[in-house]
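I opened a two-chain model today and kept notes as I went. The entries follow the order in which I looked things up.

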Amino acid sequence: MVDMASPMDIPAERPKRAWAATLRTAFGYRRTRIGAAITLAILVIALAGPFLAPYEPSAFISKPFAKPGAEFWLGTDVRGRDVLSRLLYGGLAVVWMSVAAATIGMILGASVGMLAAYSRGWLAEVLMRVMDVFLALPTIILVLMVVSLLGPQKWLVVVLVGISHMPQVARVSQGVAADVAGRDFVLFAEALNVPRWKILLREILPNIMTPLLVEYGIRIVWSIAGIAALSVMGYGIQPPEADWGLLINENRGRLATRPLPVLAPAILIALFALGVNLMAEGLSATISGVARKTGAK
Amino acid sequence: MLWRTIGLRLLLGVVTVLAVTVLIFAATNVLPGDAARAILGRAATPQAVAKLQAEMGLDRPLVVQYLSWLGGMVHLDMGRSLVTRGPVVDLIAPRFGNSLILLCITSAIVLPLSLATGIAMALTKGRGFDNIANTLLIALAGIPEFIVGIVLIVLLSTQVLSVLPPTSMVPSGQTVLGNPQVLVLPVMTLVLAILPYLSRLVRSALIDAMASEYVVTARLKGLPERQVIVRHALRNSLLPAIQASALSLGYILGGAVVVEFIFQYPGMGTALRDAVGSRDLLVIQAVVLIFACGYVLFNLAADVLSIIVTPRLRG
């Protein structure tokens, strides 16, 4: 623990290369590589899909629930629209919305958590108690409550899902930031009268980046589940837009006889969440002392 | 000292619930788009809106409205549904019962199962069972619960086998307990949603405990391995397991909304979903409040339990 280097050198113990090293170790795990490959594939489908779709996503081109064949590879949906085209168009919204919601949750939560860890005392207590109040309202319930008044708008869903992430992110970042806040280089910066916000941003934040990145991954996974679930229930993305969750909502009535229009988007949503989760797992294994906690690769 | 700590924790729980009520009330009253207009729609005349506002007591000061709402909640008088015109409590009570049944059966299965799986994984760390179970559970952990539900429907009630009903609707006047087959798929879905999280947590807590000094000491004392695991390691890995169980139960409350929807299970989640569809504000407020209270209660129970099993937290 005793650091013999002069205090001036200590902030330099976290150069940019430490970052690259962490990522390299993370990619040493098979789960990280598999997760990255799956996520990349889903991103390609979501981003390039609209350019590859054979039909307009909301064009009524056949009778409802036509069987898959040469003309419509995956058949048609409840209204006679091409399932493949709706799939290819339907990934973009859930991708950007879940990443945006997780980002909002991270910014809010990490700010609160770091502030609480660094200020301690009554401010920390108040901040974390307020977080407990938000924690008592699960994502979907919070969104449903507000959406019932303001209507299901995309930005609203994104902001609300982001807010619902805030307490968990705050807890995690408070935990890791509290460890850093007592370290030598922070005390040294304090002794030099460096402003508090500068210490938070320049000394504490860079040192908790990896655990925050793991949390970011987990938050994206939860956002995907929450946002897709809202669309499945009819309170997320609205018709006639093409969206994976909405596809499940529209076609679940014929799940017994025509499972494909439900299963295909369900599998894509699951793969997206799975891919991001595997990457978060890999990164988290890097932190928790490699094989000690997680065992197998 | 022990009672004082627990008492403080209880007080904190009450304060949290009160703050939640303020939040719910604020969200449903201060936000633009008031209840009367929400019910009547955009085309309503100002006179009609004003009349309904008076009828619902919306013309009173907000503080008065809040206090009368809160007072009602305490006495289980949740007002009248704006849609059915019947008391909200009559509408919610049977749904609450059904959700409680789902919660109890799920936790009765998933808590022991996760504990057993986690212990088995920790004891075979890095070998056969652990490797297979860990890989499966990591994969399962990322998949949203409603998709697990859809896949189960496809596998067990429509395409592959058709042994179970795909939906959990029961004829009116009957309970889910009278139709136990409708419980199987929702319970399975929730168990599969929680198992990966909880069992892996038990696993890592136990592995940490096994490597700790007191376990090493117990071994050096010559205690049989069985006793070392049960008396020392397991006991000390109980704490994170209790906290995580509370979080899981709280999660069932929220996650169950979607699972209930997928199976059309007649519980609180479906009630909430329907109330949002018809903008039945008082039902929404009541359901959200019950969910929040449940969450606070689970965490309170976990905290109290943790204080009891861990002497050093009694401080």
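**Entry 1: chain totals**

I began with burial in chain A: 53% of its 297 residues are buried, where buried means under 20% relative accessible area, exposed over 50% and partly exposed in between, with a 1.4 Å probe and protein chains only. The model is predicted, so I note that local features need pLDDT of at least 70, that side-chain atom pairs count only at pLDDT 80 or more, that totals for chains, interfaces and linings use all residues, and that side-chain values use heavy atoms, with hydrogens and water left out. Residues are numbered from 1 along each chain as its sequence is written, while chains are lettered from A and ligands numbered from 1 in the order in which they are written.

I then listed the secondary structure of chain A and found 13 helices and zero strands; helices (H or I, at least four residues) and strands (E, at least two) are DSSP runs, numbered from the N terminus. For chain B I also noted 13 helices and zero strands. Buried residues make up 49% of the 315 residues in chain B. Its C-alpha atoms fill a box of roughly 85 × 60 × 35 Å along the principal axes.

I looked up contact range next, with contact meaning heavy atoms within 4.5 Å. In chain A, 71% of the contacts with a separation of 6 or more join residues 24 or more positions apart. In chain B, 70% of the contacts between residues at least 6 apart in sequence join residues at least 24 apart.

How do α5(A) and α1(B) cross? I found that the axes of α5(A), residues 121–135, and α1(B), residues 2–29, come within 9 Å and cross at roughly 65 degrees. Axes here are lines fitted to C-alpha atoms, for helices over the stretch in contact, and angles run from 0 to 180 degrees between N-to-C directions. The crossing is right-handed: a crossing is left-handed if the near helix is turned anticlockwise from the far one by less than a right angle, and right-handed if clockwise.

From α5(A), I listed Arg129(A), Asp132(A), Val133(A) and Phe134(A); they meet Leu12(B), Thr16(B), Ala19(B), Val20(B) and Leu23(B) of α1(B). The residues of this contact divide into six nonpolar, one polar and two charged. In that count Ala, Val, Leu, Ile, Met, Phe, Trp, Tyr, Cys and Pro are nonpolar, Asp, Glu, Lys and Arg are charged, and the others, Gly among them, are polar.

**Entry 2: helix α6 of chain B**

I checked the length of α6(B), residues 128–141: its 14 residues should span 20 Å at 1.5 Å a residue, and its end C-alpha atoms are 20 Å apart, which agrees. The expected span is 1.5 Å times one less than the number of residues.

Buried in α6(B) are Asp130(B), Ala133(B), Asn134(B), Leu137(B) and Ile138(B). They cover an arc of only 130 degrees around the axis, so they sit on the same side of α6(B); the arc is that of the directions from the helix axis to the C-beta atoms. The face turned away from that buried side carries the exposed residues Ile132(B), Thr135(B) and Leu136(B).

Phe129(B) also lies in α6(B) and is partly exposed, with a relative accessible area of 42%. Leaving out residues up to four places away in sequence, Phe129(B) touches Thr117(B), Ala120(B), Met121(B) and Thr124(B). Thr117(B) lies in α5(B), residues 88–123, and counts as buried because its relative accessibility is 15%.

**Entry 3: Leu200(A)**

Is Leu200(A) buried or exposed? I have it as buried, at 12% relative accessibility. Leu200(A) is in α9(A), residues 196–207. Neighbours within four places aside, Leu200(A) is in contact with Met114(A), Leu115(A), Tyr118(A) and Leu205(A).

**Entry 4: backbone angles**

I found a cis peptide bond from Pro239(A) to Pro240(A), with omega near 10 degrees. Pro240(A) lies in the loop between α10 (209–233) and α11 (244–251) of chain A.

Asn193(A) is not a glycine, yet has a positive phi of about 60 degrees. Its place is in the loop between α8 (184–191) and α9 of chain A, and at 67% relative accessibility Asn193(A) counts as exposed. In chain B, Gln264(B) has a positive phi near 50 degrees and is partly exposed, with a relative accessible area of 30%.
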